[in-house]
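Hi everyone, thanks for coming along. I'd like to walk you through one protein today, so let me put it up on the screen.

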Amino acid sequence: MGSRSAWYLNQLFWPVPVASQSAHEGSSVRHSPYGASKGGVLLHAGIGGQAIIDKALEAVFTEAERVVRFGFTATELEREKTDLLRGLTQTLAEKDKRQSATLAGEYVRNFTQAETYPGLDNEVDLVRRVLPGISLAEVNSLAREWMPD
């Protein structure tokens, strides 16, 4: 389980709304590289200004609690699978236009965090093969593991 469902957990968590404030840029959840040995989790709320920080934090924690209690839906998971494949297919079609900073970031994470870098062609092929096997139960289980009570 783990890494192959982690991306979905993050994508499913991203669109957390913050009341009616348009300054909220999104949310994410991931294992923190600074707490990996302890199983640290990083909840992130991107906001456009200090004025709504309390609302942003409240929204992130409310959504985290909702995910732990009720999980994601099959529709949410299928939408993210479709979006992931569409995005990767487009990135592959435009790979000659990738900025060098993106490539450099891949190499840096490979060296500093031991993140694998199979190359874009291989990554897309791997996702196409693995994607159908990621189940809703697996993603929801990972969410509960990452964000326990």
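This is a predicted model: local features need pLDDT of at least 70, side-chain atom pairs count only at pLDDT 80 or more; totals for chains, interfaces and linings use all residues.

Helix α3 spans residues 74-93, which gives it 20 residues. From the first C-alpha to the last it reaches 29 Å, close to the 28 Å expected at 1.5 Å a residue.

Which residues of α3 are buried? They are Glu76, Leu77, Glu80, Lys81, Leu84 and Leu88. These residues sit on the same side of α3, because they cover an arc of only 135 degrees around the axis. Look at the other side of α3 and you find Thr75, Arg86 and Ala93, which are exposed.

Please keep an eye on Lys81 for a moment. Its side chain meets that of Glu78 in a salt bridge, at 3.8 Å from N to O. Both residues belong to helix α3 and are three residues apart, about one turn of the helix. As a reminder, an α-helix has 3.6 residues a turn, so residues three or four places apart point the same way. Are the two partners buried or exposed? Lys81 counts as buried because its relative accessible area is 9%, under the 20% limit. Glu78, with a relative accessible area of 44%, is partly exposed.

Now let's step back to helix α2, residues 53-70. Helix α2 has 18 residues, and its end-to-end C-alpha distance is 25 Å, close to the 26 Å expected at 1.5 Å a residue. Its buried residues are Ala56, Ala59, Val60, Glu63, Ala64, Val67 and Val68. Seen down the axis of α2, these fall within an arc of 165 degrees, so they line one face of the helix. The face turned away from that buried side carries Asp54, Glu58, Phe61, Arg69 and Phe70, which are exposed.

Phe61 brings me to the surface. Together with Ile53 and Leu57, Phe61 forms a nonpolar patch there, with about 270 Å² of accessible area for the three together. Ile53 lies in helix α2, and its relative accessibility of 31% makes Ile53 partly exposed.

Arg69, from that exposed face, also has a partner. The side chains of Arg69 and Glu65 meet in a salt bridge, 3.5 Å from N to O. Arg69 and Glu65 are four residues apart in helix α2, so about one helical turn separates them. Arg69 is exposed at 58% relative accessibility, while Glu65 is partly exposed with a relative accessible area of 45%.

One more residue of α2 deserves a look, and that is Val68. Val68 is buried, with a relative accessible area of 15%. How far is the C-alpha of Val68 from that of Leu142? The two atoms are separated by 9.6 Å, although Val68 and Leu142 are 74 residues apart along the chain.

Let me move on to helix α5, residues 120-130. Here Asp125 and Arg129 form a salt bridge through their side chains, at 3.3 Å from N to O. Asp125 and Arg129 are four residues apart in α5, so they too are separated by about one helical turn. Asp125 is partly exposed, with a relative accessible area of 38%, and Arg129 is exposed at 56% relative accessibility. The structure holds 10 salt bridges.

Finally, let's zoom out to the whole protein. How many helices and strands are there? The protein has six helices and two strands. Along the sequence, they follow the pattern α-β-β-α-α-α-α-α.

Of the 149 residues, 33% are buried. The accessible surface comes to about 9500 Å², and carbon and sulfur atoms account for 53% of that. As for contacts, take those between residues at least 6 apart in sequence: 62% of them join residues at least 24 apart.

Key: Residues are numbered from 1 along each chain as its sequence is written. Side-chain values use heavy atoms; hydrogens and water are left out. Patches are made of residues with over 30% relative accessible area and no salt bridge: like charges are joined within 9 Å, nonpolar side chains (Val, Leu, Ile, Met, Phe, Trp, Tyr) within 5 Å. Accessible areas come from the Shrake-Rupley method with a 1.4 Å probe; for residues, only the protein chains shown count as cover. A salt bridge is a side-chain nitrogen of Lys or Arg within 4 Å of a carboxyl oxygen of Asp or Glu. Buried means under 20% relative accessible area, exposed over 50%, partly exposed in between (1.4 Å probe, protein chains only). The expected span of a helix is 1.5 Å times one less than its number of residues. The arc is that of the directions from the helix axis to the C-beta atoms. Contact means heavy atoms within 4.5 Å.
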